[in-house]
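Subject: Structure for you to look at

Hello,

Here is the structure I said I would pass on. Please open it first and keep it in view while you read the notes below.

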Amino acid sequence: MSFCVLVAGLSVGMVLGELRDELHISGVVAAAHGSAFGIGMLVLGAFGSGLLARIGRPRAFWGAVATVAAGILLLCVAHVWPLTLLGASMAGVACSLLVLLMPGIIADHHGEQRAAAYAAVNGVPGLAGISFSLVVGGAVASGGSWRWPYALLTLVIVTAVVIAGRGVSIPRSDLPPVRALPLFRHRDIWLPYVHIVHAVMVEFPIGIWAVAYLKEVGGASSGLAVSLGAIWGLFLFVTRMSLPRLLHRFGPWARSISFAVAAAGALVMWMGPGLWVRVAGLTIVSIGAGPLYPLAVDRLYLGAAADTMALGAVTALASGTAVTVGPLLLGVLADRFGLRDALLFVPALAVLGVWTARPAAAQPVVMVDDALVASAR
């Protein structure tokens, strides 16, 4: 349920096209609405463990949920970009706190089954993302505003979390505060960190910009573009829930093949022609990108000699790096070359991933695949 709250906080990309039209903002300012999440993860990944040690996991969790709700409500009622950016930033920082919390909690609870559990936890919220796309897209298509359905859906999810979480005891952590940055002296930390950054840089920029891309490059109407954004969440859900079977089928080549599929889809989005070919490209990208993040995170937890709090901080730093840089880079390139050609850096990174993720270059992936398949069985 907490990852469904993440969907509410990270669905800002769904309305970037509307914000650009309403507030007449540049690509960089629009992208900053999505990059606030990454900035929050960078700060919390480096220094957040001290905060968690002082206030504890339960208070941090409920505070983050409340702040996501407050930030999205501000985004939805504001009509000037500094306030919409403030609302997106509040939600983004709170989402980053949830990301810092959840991997360690999942790893502590599920043990050797953490990879399959983490894939499921990352997959199910795709259904919430579909709901956001269809409801908000339907409202816009009918001539209404995106603001009230976005706010209402967020409140519904937060209310559901409160109801479901009343009887749940969130495990506390007695571990001391983590100094994350010194961990990067060790190869078993910095190398998985690079793999996570790479995976998120392929996935997240398209996830943030997909609706605006379908509208501005594909020619979709505002309502149709938002509704079609549901494709992203749907196929991330499908591939992540199917991850054990994919690993059983492709073994150590799973990550390399996923990068190849994502690269092919991004090129289809770029080449077109027309809206529906680009929609097909978005579908292919989401299928390829789905396995990348769970596998990259599990590589870190499998191979690093550190506690779960420390690895949660490293995960947050890696995700924060990519989430900050990726959407902003696409925004900068869009202002310079146009949104269509700006997309090309994504398939370039994915092609690089085909090479770096091959079994000969990434031996630990064999262990990850075996562990994930075994845990699913």
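Val136 lies in helix 6; here helices (H or I, at least four residues) and strands (E, at least two) are DSSP runs, numbered from the N terminus. This is a predicted model, in which local features need pLDDT of at least 70 and side-chain atom pairs count only at pLDDT 80 or more, while totals for chains, interfaces and linings use all residues. Residues are numbered from 1 along each chain as its sequence is written, and side-chain values use heavy atoms, with hydrogens and water left out.

Is Val136 buried or exposed? Its relative accessibility is 1%, so Val136 counts as buried. Buried means under 20% relative accessible area, exposed means over 50%, and partly exposed is in between (1.4 Å probe, protein chains only). Not counting residues up to four places away in sequence, Val136 touches Met14, Trp146, Pro149, Tyr150 and Val226. Contact here means heavy atoms within 4.5 Å. Val136 and Trp146 are ten residues apart along the chain, and their C-alpha atoms are separated by 5.5 Å.

**The chain as a whole**

The protein chain has 18 helices and zero strands. Of its 377 residues, 58% are buried. If you take the contacts between residues at least 6 apart in sequence, 82% of them join residues at least 24 apart.

**The nonpolar core**

In soluble globular proteins, nonpolar side chains tend to be buried together. A nonpolar core is defined here as a set of buried Ala, Val, Leu, Ile, Met, Phe, Trp, Tyr and Cys residues joined through side-chain atoms within 4.5 Å. The largest one in this model has 115 residues, and Trp146, Tyr150 and Ile206 touch the most other members. Helix 8 (residues 187-216) gives the most to this core, with 17 residues.

What does Trp146 touch, apart from residues up to four places away in sequence? The list is Val15, Glu18, Leu19, Glu22, Leu75, Cys76, Val136 and Val140.

**Helix 2**

Helix 2 (residues 16-23) has eight residues, and six of them are buried, so this helix is largely enclosed by the rest of the structure. The buried ones are Leu16, Gly17, Glu18, Leu19, Arg20 and Leu23. They pack against helix 3 (27-77), helix 4 (81-110), helix 6 (125-141), helix 8 and helix 9 (222-228). Just after helix 2 comes His24, with a positive phi of about 55°.

**Two helix pairs**

Two packed helices are described by the angle between their axes and the distance between the axes. Axes are lines fitted to C-alpha atoms, for helices over the stretch in contact, and angles run from 0 to 180 degrees between N-to-C directions. Angles under 35 degrees count as roughly parallel, over 145 as roughly antiparallel, 65 to 115 as roughly perpendicular, and the rest as oblique. A crossing is left-handed if the near helix is turned anticlockwise from the far one by less than a right angle, and right-handed if clockwise.

- Helix 3 and helix 8: their axes come within 11 Å and cross at roughly 120°. The two helices are therefore oblique to each other, and their crossing is right-handed. Gly27, Ala30, Ala31, Gly34 and Phe37 of helix 3 make the contact with Phe204, Ile208 and Trp209 of helix 8.
- Helix 6 and helix 10 (residues 230-241): their axes come within 8 Å and cross at roughly 165°. These two are therefore roughly antiparallel to each other, and the crossing is left-handed. The contact is made by Gly126, Leu127, Ile130, Ser133 and Leu134 of helix 6 and by Ala230, Gly233, Leu234 and Phe237 of helix 10.

Where is Arg172? Arg172 sits in the loop between helix 7 (147-165) and helix 8. With a relative accessible area of 63%, Arg172 is exposed. Leaving aside neighbours within four places in sequence, Arg172 is in contact with Arg57 and Pro58. Arg172 and Leu52 are 120 residues apart in sequence, and 9.7 Å apart in space, C-alpha to C-alpha.

Ser256 is in helix 12 (residues 254-271) and counts as buried, at 4% relative accessibility. Not counting residues up to four places away in sequence, Ser256 touches Val354, Ala357 and Arg358.

Regards
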